[in-house]
Amino acid sequence: MCGIVGYVGYRDVVSVILNGLTNLEYRGYDSAGMALQDCGELRIYKTLGKLINLKNELEAKKYELKHPSSGIGHIRWATHGSPSLVNAHPHTCTCGRLVVVHNGIIENYKELREELIKKGCKFKSQTDTETIAHLVADEYANSKDLEIAVRNSVKKLQGAYAICVMHKDTPDLIVGARKHAPMVIGLGEGENFIASDIPAIIEYTKKTIYLEDNEIAVVTKDKVKITDINGKELVKKTEILPWEPVALSKLGYKHFMLKEIHEQPDVIRNVLNGKLYDIDEPVILNEVKLDKEILKNLNKIQIIACGTSLHAALAGKYLIEDLAGISVEVEASSEYIYRRTTTDSSTLVIGVSQSGETADTITAIKQAKEKKAHVLIITNRPDSNMARLADSLIPVNAGIEVSVAATKSYSAQLISFYLLAIYLAEIKETVDKQSLKNLKHELIQIPSKIEEILSDLKPIQNCARKFSSYKNFIYISRGINLSTAYEGALKLKEISYINATGYPAGELKHGPIAMLDETMPVLAVLIPGGITYEKILSNCEEAKARNAKLIALTSSNDDNLKNIFDVVIKIPKVNEILSPALTCVPLQLLAYYIAEFLGKDVDQPRNLAKSVTVE
Ligand code: G6P
């Protein structure tokens with residue numbers, strides 16, 4: 001949730017850390033802070049709110065700095081203790097000589113805090129993190145060795161942490177440790193980096209080492225030493241990052257979200273590439289490591305995910321059940337983990353996650369593995385914790401997604417589900433060859449159809465302008481586009497803070513219709529040619545009879561729609577089963593333009609974080 005960057009080396013330390021934090025700002029932005037080793041001094045700067053405040057503070061105080069040679073920085077997404085200056089990281093021990101930044105939650109911090117207070121430690125904040133500072137300082141008092149002090153301390157911590165620690169007495173040395181929270185080391189010549197995620201360091205190096213749970217890293221400018229929890233030195237694999245720094249640039253778009261929406265055609269081509277290259281040939285999904293005989297007899301799939309990934313999962317359920325005839329349950333990870341599930345060794349459990357770091361989903365995956373299920377992970381981060389837990393891994397290759405609201409990763413997940421559903425249908429022979437061939441033919445055309453939508457944004461911008469002052473919306477659909485209705489409503493909520501609810505159209509009359517009047521627009525996703533079109537249309541008539549304003553998102557050419565709907569947003573002609581890959585795009589854009597008209601912070605909406613590493 002929070003972002004961490006540490007640096008030791010010859011560059012301008014303040015700039016390296018600020019750049020790194022800028023690229024991590026999607027992880028949190030309640031407050032920010034930095035500690036610098038500066039010619040024998042340990043200097044600490046903290047500001048409330050977004051990173052720009054820390055940048056301004058450091059600019060204003062640069063006269064104080066002599067020549068910083070190392071430092072650690074942090075941006076916070078508050079968990080324990082409100083967003084305030086005193087709760088901002090870095091946190092210090094009582095004497096102020098030791099500093100810590102932390103991502104995660106320490107579950108036993110209250111007990112530790114009480115013990116440390118008894119020993120005379122003076123606490124200043126309400127955070128769990130400050131406990132770590134006092135704990136390590138207490139250990140350091142005994143060992144006078146920061147590495148040993150950190151190792152002894154983390155043995156006492158319960159919960160999740162990625163930490164970086166510095167001590168005034170040991171200049172230009174950062175000790176990092178992790179458990180259930182990501183941490184990566186960046187390797188350079190005469191410099192080294194440590195961070196909670198790779199966007200923080202990609203501008204400087206592509207050579208990385210991923211720290212695993214219970215490992216400790218000692219980072220100086222010339223050396224990185226990694227040990228296990230018992231102090232045994234480990235030989236770790238150096239990995240070369242596949243991403244270019246350009247992924248972190250807006251490339252002329254006003255916001256990352258808009259850029260990422262426009263990247264979707266290429267992202268989808270990328271997902272299809274190598275998996276569906278000839279419609280006469282079966283889909284190639286070598287990533288699925290289950291034997292074809294097992295897949296033939298597979299009759300239970302459970303998909304677990306959170307947020308936007310959960311909506312992709314819902315579309316996946318419709319697809320797999322429809323095409324492959326396998327029963328699929330979809331559940332929010334946060335629900336799955338607190339009940340008795342029917343997962344067993346014959347279940348295929350699919351975890352879906354953009355970040356691969358969402359704590360609820362990781363816990364759910366671990367539980368599924370304990371029950372001996374085969375776990376398939378669909379993620380945008382093949383380097384993530386979730387990917388490491390996978391028995392089968394489908395990387396969606398959407399590239400780094402910076403905007404907190406997920407767009408291109410959603411499309412990439414959706415397309416992965418199309419491929420998986422067709423793959424299973426081909427193995428199980430549940431659909432005739434010609435129908436599958438037609439479907440594959442249309443699937444390949446999806447990117448160009450999205451390009452068509454993106455080539456004329458006026459109708460969506462006009463709709464956004466017309467409806468930006470409304471405070472409540474209902475998004476309805478039936479069948480496979482119910483997932484689109486949920487996702488469209490979530491996008492609007494996330495970035496404009498307007499109340500929007502996704503609802504099955506047929507359920508409108510069982511409750512929500514009571515709320516309908518001229519102040520609550522109803523947006524309907526309806527695709528002709530399928531079995532739901534006429535039914536949704538009737539549900540819209542029911543809403544119109546209650547004076548609700550109506551918006552249609554459709555591929556229909558029926559001129560009559562103008563008599564029913566206040567606005568009709570048209571998309572290219574598409575088969576209903578493939579339509580979610582198109583219908584999601586105008587709804588992303590509608591949310592984007594409404595938020596933009598309202599002057600909201602589109603890429604970093606309040607209270608949200610892109611990667612939620614706490615349960
Ligand atoms: C956070 C983000 C959402 C995201 C959800 C699941 O809440 O703000 O945009 O959909 O986490 O994240 P994941 O990385 O697991 O897909």
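Cys-95 is exposed, with a relative accessible area of 55%, whereas Cys-93 is buried at 3%; buried means under 20% relative accessible area, exposed over 50%, and partly exposed in between, with a 1.4 Å probe and protein chains only. The model is predicted: local features need pLDDT of at least 70, side-chain atom pairs count only at pLDDT 80 or more, and totals for chains, interfaces and linings use all residues. Residues are numbered from 1 along each chain as its sequence is written, and side-chain values use heavy atoms, with hydrogens and water left out.

**Cysteines**
- The count of disulfides comes to zero, a disulfide being a pair of cysteine sulfur atoms within 2.5 Å.

**Strand pairing**
- Eight strands form an open sheet in the order 3-2-4-1-10-9-11-14, with antiparallel pairing; strands (E, at least two residues) and helices (H or I, at least four) are DSSP runs numbered from the N terminus, and two strands pair if DSSP finds at least two bridges between them.
- The edges are strand 3 (41-48) and strand 14 (239-240), each of which pairs on one side only.
- Strand 11 (residues 207-210) runs antiparallel to strand 14 and is joined to it by two bridges; Lys-207 has Ile-240 of strand 14 as its bridge partner.

**Cavities**
- The whole structure holds three cavities of 30 Å³ or more. On a 1 Å grid over the protein atoms alone, a cavity is a set of points where a 1.4 Å probe fits but cannot get out, while a pocket is an open set with protein on both sides within 12 Å along at least five of seven lines; lining residues have an atom within 4 Å of a point.
- The largest cavity has a volume of about 250 Å³, volume being the space filled by probe spheres set on the points, which are joined across faces, edges and corners.
- Among its 26 lining residues, Pro-182, Asp-197, Glu-357, Arg-381 and Asp-383 are the closest to the centre.
- Domain 1 (3-246) and domain 2 (249-448) each contribute at least three residues to the lining of the largest cavity; the domain bounds come from an automatic or database domain assignment.

**Largest pocket**
- The largest pocket has a volume of about 520 Å³.
- Of its 30 lining residues, Cys-306, Gly-307, Thr-308, Lys-610 and Val-612 are the closest to the centre.
- Helix 9 supplies the largest share of this lining, four residues.
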